[in-house]
Amino acid sequence: MSSSENVFAEVIEVAKFIDEFRGHYFALPSYQEKIDLLKDQIEHALEKLDAIPIEKRESQDEAAMYLYLRGKLLDVSPAYNQEAERLLTDAVKLNSSVVDAWICLGTCVWKRGDLDKAKSCFNSGLEQDPNNKQLLLQLSVLERRQCIGATEVENPVEIINDCIKHVKEAIALDIQDGISWYILGNSCLTAYFVTGCWDINMLLQSLKAYKNAVSMHLANLPWH
(Lines give C-alpha, C1' and ligand atoms only; values in the text may rest on other atoms or scores of the structure.)
Protein backbone atom coordinates (compact mmCIF):
# COMPACT_ATOMS: atom_id res chain seq x y z
CA MET A 1 0.00 0.00 0.00
CA SER A 2 1.37 3.44 -0.97
CA SER A 3 1.80 6.24 1.58
CA SER A 4 -1.21 8.09 0.16
CA GLU A 5 -3.35 4.95 0.50
CA ASN A 6 -2.21 4.59 4.13
CA VAL A 7 -3.50 8.08 4.91
CA PHE A 8 -6.86 7.33 3.30
CA ALA A 9 -7.10 3.65 4.34
CA GLU A 10 -10.22 4.04 6.50
CA VAL A 11 -12.13 5.93 3.82
CA ILE A 12 -11.05 3.39 1.18
CA GLU A 13 -12.51 0.59 3.29
CA VAL A 14 -15.80 2.46 3.72
CA ALA A 15 -15.92 3.10 -0.04
CA LYS A 16 -15.39 -0.62 -0.70
CA PHE A 17 -18.23 -1.46 1.68
CA ILE A 18 -20.50 1.02 -0.11
CA ASP A 19 -19.64 -0.61 -3.46
CA GLU A 20 -20.53 -4.05 -2.10
CA PHE A 21 -23.69 -2.79 -0.44
CA ARG A 22 -24.87 -0.97 -3.56
CA GLY A 23 -24.29 -3.94 -5.83
CA HIS A 24 -25.23 -6.96 -3.76
CA TYR A 25 -27.41 -6.17 -0.73
CA PHE A 26 -31.04 -6.99 -1.47
CA ALA A 27 -32.41 -7.90 1.97
CA LEU A 28 -34.05 -4.53 2.60
CA PRO A 29 -37.82 -4.30 2.15
CA SER A 30 -37.67 -1.32 -0.22
CA TYR A 31 -35.35 0.31 -2.74
CA GLN A 32 -35.79 3.65 -0.97
CA GLU A 33 -34.57 2.17 2.31
CA LYS A 34 -31.45 0.97 0.53
CA ILE A 35 -30.88 4.46 -0.93
CA ASP A 36 -31.35 6.06 2.51
CA LEU A 37 -28.79 3.73 4.08
CA LEU A 38 -26.36 4.44 1.25
CA LYS A 39 -26.74 8.18 1.85
CA ASP A 40 -25.92 7.68 5.52
CA GLN A 41 -22.80 5.69 4.64
CA ILE A 42 -21.69 8.28 2.09
CA GLU A 43 -22.10 11.16 4.55
CA HIS A 44 -20.11 9.17 7.12
CA ALA A 45 -17.32 8.53 4.60
CA LEU A 46 -17.21 12.16 3.44
CA GLU A 47 -16.88 13.30 7.06
CA LYS A 48 -13.93 10.95 7.54
CA LEU A 49 -12.38 12.17 4.29
CA ASP A 50 -12.65 15.83 5.24
CA ALA A 51 -11.26 15.08 8.70
CA ILE A 52 -7.91 14.17 7.14
CA PRO A 53 -5.58 17.13 7.80
CA ILE A 54 -4.82 19.31 4.77
CA GLU A 55 -1.08 18.76 5.23
CA LYS A 56 -1.67 15.03 4.66
CA ARG A 57 -3.22 15.61 1.25
CA GLU A 58 -0.79 18.13 -0.19
CA SER A 59 1.42 15.88 -2.32
CA GLN A 60 0.32 15.10 -5.87
CA ASP A 61 -0.54 11.47 -5.08
CA GLU A 62 -2.39 12.43 -1.90
CA ALA A 63 -4.34 15.16 -3.68
CA ALA A 64 -5.27 12.70 -6.44
CA MET A 65 -6.45 10.14 -3.88
CA TYR A 66 -8.54 12.76 -2.08
CA LEU A 67 -10.19 13.93 -5.31
CA TYR A 68 -10.79 10.36 -6.47
CA LEU A 69 -12.41 9.24 -3.21
CA ARG A 70 -14.62 12.33 -2.97
CA GLY A 71 -15.69 11.90 -6.60
CA LYS A 72 -16.33 8.18 -6.11
CA LEU A 73 -18.52 8.82 -3.07
CA LEU A 74 -20.51 11.57 -4.78
CA ASP A 75 -21.11 9.32 -7.79
CA VAL A 76 -22.73 6.46 -5.85
CA SER A 77 -26.20 7.74 -6.75
CA PRO A 78 -27.76 6.37 -9.98
CA ALA A 79 -28.14 9.97 -11.18
CA TYR A 80 -25.34 11.86 -12.96
CA ASN A 81 -23.29 14.14 -10.69
CA GLN A 82 -21.37 16.95 -12.39
CA GLU A 83 -19.20 17.63 -9.33
CA ALA A 84 -18.19 13.96 -9.25
CA GLU A 85 -17.08 14.14 -12.88
CA ARG A 86 -15.00 17.25 -12.18
CA LEU A 87 -13.30 15.68 -9.16
CA LEU A 88 -12.58 12.38 -10.91
CA THR A 89 -11.24 14.18 -13.99
CA ASP A 90 -8.84 16.17 -11.82
CA ALA A 91 -7.83 12.98 -9.99
CA VAL A 92 -6.74 11.10 -13.12
CA LYS A 93 -4.91 14.20 -14.36
CA LEU A 94 -2.86 14.21 -11.17
CA ASN A 95 -2.32 10.44 -11.07
CA SER A 96 -3.34 8.34 -14.06
CA SER A 97 -2.28 5.10 -12.36
CA VAL A 98 -5.32 4.95 -10.02
CA VAL A 99 -7.31 2.37 -11.98
CA ASP A 100 -10.51 2.66 -9.97
CA ALA A 101 -10.56 6.40 -10.67
CA TRP A 102 -10.79 5.59 -14.39
CA ILE A 103 -13.60 3.12 -13.68
CA CYS A 104 -15.49 5.70 -11.63
CA LEU A 105 -14.97 8.45 -14.21
CA GLY A 106 -16.13 6.17 -17.03
CA THR A 107 -19.22 5.18 -15.06
CA CYS A 108 -19.93 8.82 -14.22
CA VAL A 109 -19.82 10.15 -17.79
CA TRP A 110 -21.81 7.12 -18.97
CA LYS A 111 -24.67 8.35 -16.76
CA ARG A 112 -24.92 11.52 -18.84
CA GLY A 113 -24.93 9.47 -22.04
CA ASP A 114 -21.36 10.02 -23.25
CA LEU A 115 -20.53 6.43 -24.17
CA ASP A 116 -17.49 7.38 -26.26
CA LYS A 117 -15.84 9.20 -23.36
CA ALA A 118 -16.77 6.39 -20.97
CA LYS A 119 -15.14 3.88 -23.32
CA SER A 120 -12.03 6.04 -23.50
CA CYS A 121 -11.86 6.08 -19.68
CA PHE A 122 -12.16 2.29 -19.44
CA ASN A 123 -9.46 1.85 -22.09
CA SER A 124 -7.20 4.26 -20.18
CA GLY A 125 -7.71 2.13 -17.09
CA LEU A 126 -6.82 -1.02 -19.03
CA GLU A 127 -3.57 0.61 -20.12
CA GLN A 128 -2.68 0.73 -16.42
CA ASP A 129 -4.01 -2.77 -15.62
CA PRO A 130 -4.74 -4.98 -18.68
CA ASN A 131 -5.97 -7.83 -16.46
CA ASN A 132 -8.56 -5.89 -14.49
CA LYS A 133 -11.75 -7.98 -14.57
CA GLN A 134 -14.04 -5.12 -13.59
CA LEU A 135 -12.73 -2.91 -16.38
CA LEU A 136 -13.07 -5.68 -18.96
CA LEU A 137 -16.67 -6.30 -17.90
CA GLN A 138 -17.55 -2.61 -17.88
CA LEU A 139 -16.07 -2.21 -21.34
CA SER A 140 -17.96 -5.24 -22.63
CA VAL A 141 -21.29 -4.02 -21.24
CA LEU A 142 -20.70 -0.57 -22.73
CA GLU A 143 -19.85 -2.00 -26.16
CA ARG A 144 -23.02 -4.07 -26.14
CA ARG A 145 -24.94 -0.94 -25.20
CA GLN A 146 -23.42 0.87 -28.18
CA CYS A 147 -24.82 -1.84 -30.47
CA ILE A 148 -28.38 -1.68 -29.13
CA GLY A 149 -28.64 2.02 -28.31
CA ALA A 150 -30.83 4.59 -30.03
CA THR A 151 -27.81 6.10 -31.80
CA GLU A 152 -26.70 3.92 -34.70
CA VAL A 153 -22.99 3.07 -34.79
CA GLU A 154 -20.96 2.69 -37.98
CA ASN A 155 -19.37 -0.69 -37.20
CA PRO A 156 -21.72 -2.71 -34.95
CA VAL A 157 -20.25 -6.10 -35.94
CA GLU A 158 -16.73 -5.01 -34.99
CA ILE A 159 -17.98 -3.53 -31.72
CA ILE A 160 -19.96 -6.63 -30.71
CA ASN A 161 -16.94 -8.81 -31.50
CA ASP A 162 -14.85 -6.61 -29.20
CA CYS A 163 -17.62 -6.90 -26.62
CA ILE A 164 -17.43 -10.71 -26.67
CA LYS A 165 -13.62 -10.63 -26.66
CA HIS A 166 -13.49 -8.46 -23.54
CA VAL A 167 -15.97 -10.52 -21.53
CA LYS A 168 -14.16 -13.73 -22.48
CA GLU A 169 -10.94 -12.17 -21.20
CA ALA A 170 -12.74 -11.39 -17.93
CA ILE A 171 -13.99 -14.99 -17.66
CA ALA A 172 -10.45 -16.28 -18.22
CA LEU A 173 -9.43 -14.29 -15.13
CA ASP A 174 -12.24 -15.74 -12.99
CA ILE A 175 -14.08 -18.68 -14.49
CA GLN A 176 -16.29 -19.03 -11.39
CA ASP A 177 -17.89 -15.59 -11.74
CA GLY A 178 -21.54 -16.04 -12.70
CA ILE A 179 -21.98 -12.37 -13.58
CA SER A 180 -19.28 -12.63 -16.25
CA TRP A 181 -21.01 -15.65 -17.78
CA TYR A 182 -24.32 -13.77 -17.75
CA ILE A 183 -22.72 -10.83 -19.57
CA LEU A 184 -21.29 -13.26 -22.13
CA GLY A 185 -24.77 -14.70 -22.65
CA ASN A 186 -26.17 -11.22 -23.31
CA SER A 187 -23.28 -10.41 -25.64
CA CYS A 188 -23.68 -13.55 -27.75
CA LEU A 189 -27.43 -13.05 -27.97
CA THR A 190 -26.91 -9.47 -29.14
CA ALA A 191 -24.32 -10.67 -31.67
CA TYR A 192 -26.91 -13.05 -33.13
CA PHE A 193 -29.23 -10.13 -33.92
CA VAL A 194 -26.50 -7.66 -34.92
CA THR A 195 -25.04 -10.08 -37.48
CA GLY A 196 -28.37 -10.77 -39.17
CA CYS A 197 -29.98 -13.63 -37.18
CA TRP A 198 -28.29 -16.39 -39.16
CA ASP A 199 -25.48 -17.57 -36.86
CA ILE A 200 -27.14 -20.30 -34.79
CA ASN A 201 -23.81 -20.94 -33.09
CA MET A 202 -24.15 -17.56 -31.37
CA LEU A 203 -27.51 -18.62 -29.94
CA LEU A 204 -25.98 -21.86 -28.67
CA GLN A 205 -23.06 -19.97 -27.11
CA SER A 206 -25.52 -17.62 -25.46
CA LEU A 207 -27.55 -20.49 -24.01
CA LYS A 208 -24.41 -22.22 -22.71
CA ALA A 209 -23.22 -18.99 -21.08
CA TYR A 210 -26.59 -18.45 -19.37
CA LYS A 211 -26.51 -22.03 -18.04
CA ASN A 212 -23.00 -21.45 -16.69
CA ALA A 213 -24.16 -18.21 -15.08
CA VAL A 214 -26.93 -20.03 -13.22
CA SER A 215 -24.70 -22.91 -12.12
CA MET A 216 -21.93 -20.56 -10.92
CA HIS A 217 -24.45 -18.44 -9.03
CA LEU A 218 -25.94 -21.48 -7.28
CA ALA A 219 -22.48 -22.82 -6.46
CA ASN A 220 -21.56 -19.54 -4.75
CA LEU A 221 -24.66 -19.28 -2.56
CA PRO A 222 -23.82 -19.36 1.18
CA TRP A 223 -25.36 -22.78 1.86
CA HIS A 224 -22.94 -24.52 -0.53
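Student: What percentage of the 224 residues in the chain is buried?

Tutor: The model is a predicted one. Buried residues account for 43% of the 224 residues in its chain.

Student: What share of the contacts joins residues 24 or more positions apart?

Tutor: Take the contacts in the chain with a separation of 6 or more. Residues 24 or more positions apart make up 57% of them.

Student: How are two packed helices described?

Tutor: The description uses the angle between the axes and the distance between the axes. Start with helix H4 (residues 60-74) and helix H5 (residues 82-94), which pack at about 155° with axes 8 Å apart. An angle over 145 degrees counts as roughly antiparallel, so H4 is roughly antiparallel to H5. The crossing of this pair is left-handed.

Student: Which residues of H4 and H5 make the contact?

Tutor: On the H4 side they are Gln-60, Ala-63, Ala-64, Leu-67, Tyr-68, Arg-70, Gly-71, Lys-72 and Leu-74. H5 supplies Glu-83, Ala-84, Leu-87, Leu-88, Asp-90, Ala-91 and Leu-94. Sorted by class, the contact of H4 with H5 has ten nonpolar, two polar and four charged residues.

Student: Arg-70 is in that list. Is Arg-70 buried or exposed?

Tutor: The test is relative accessible area, and buried means under 20%. Arg-70, which lies in helix H4, has 17% relative accessibility and therefore counts as buried. Leaving out residues up to four places away in sequence, Arg-70 touches Leu-46, Leu-49, Asp-50 and Leu-87. Of these, Leu-87 is also listed on the H5 side of the contact with H4.

Student: What about Lys-93: buried or exposed?

Tutor: Exposed means over 50%. Lys-93 sits in helix H5 and has a relative accessible area of 66%, so Lys-93 is exposed. Sequence separation and spatial separation can also be read together for this residue. Lys-93 and Ala-64 are 29 residues apart in sequence, and their C-alpha atoms are 8.1 Å apart.

Student: At what angle do the axes of H7 and H8 cross?

Tutor: The axes of helix H7 (residues 115-128) and helix H8 (residues 133-148) cross at roughly 155° and come within 10 Å. H7 and H8 are therefore roughly antiparallel. The crossing of H7 past H8 is left-handed. H7 contributes Leu-115, Asp-116, Ala-118, Lys-119, Phe-122, Asn-123, Gly-125 and Leu-126 to the contact. From H8 come Leu-135, Leu-136, Gln-138, Leu-139, Leu-142, Glu-143, Arg-145 and Gln-146. By class, this contact of H7 with H8 has eight nonpolar, four polar and four charged residues.

Student: How do I read the packing of H9 and H10?

Tutor: Use the angle and the axis distance again. Helix H9 (residues 156-173) packs on H10 at about 160°, and the axes are 9 Å apart. That angle makes H9 and H10 roughly antiparallel. H9 passes H10 in a left-handed crossing. The H9 residues in the contact include Pro-156, Ile-160, Cys-163 and Lys-168. Those of H10 include Trp-181, Leu-184, Cys-188 and Val-194. The classes in this contact of H9 with H10 are 14 nonpolar, three polar and one charged.

Student: Where is Cys-197, and what is its phi?

Tutor: Cys-197 is in the loop between helix H10 (178-194) and H11. Phi of Cys-197 is near 60°, a positive value in a residue other than glycine. With 37% relative accessibility, Cys-197 counts as partly exposed.

Student: Which helix holds Leu-204?

Tutor: Leu-204 is in helix H11 (residues 200-219). Leu-204 is exposed, at a relative accessible area of 52%. Leu-204 and Leu-189 are 15 residues apart along the chain, with their C-alpha atoms separated by 9.0 Å.

Methods: Residues numbered from 1 in each chain as written. Predicted model: local features only at pLDDT ≥ 70, side-chain atom pairs only at ≥ 80, totals over all residues. Heavy atoms only, no water. Buried < 20%, exposed > 50% of the residue type's maximum accessible area, 1.4 Å probe, protein only. Contact = heavy atoms within 4.5 Å. Axes fitted to C-alpha atoms, helices over the stretch in contact; angles between N-to-C directions. Helix = DSSP H or I, 4+ residues; strand = E, 2+ residues; numbered from the N terminus. Parallel < 35°, antiparallel > 145°, perpendicular 65-115°, else oblique. Left-handed = near helix turned anticlockwise from the far one by under 90°. Nonpolar A, V, L, I, M, F, W, Y, C, P; charged D, E, K, R; others polar.
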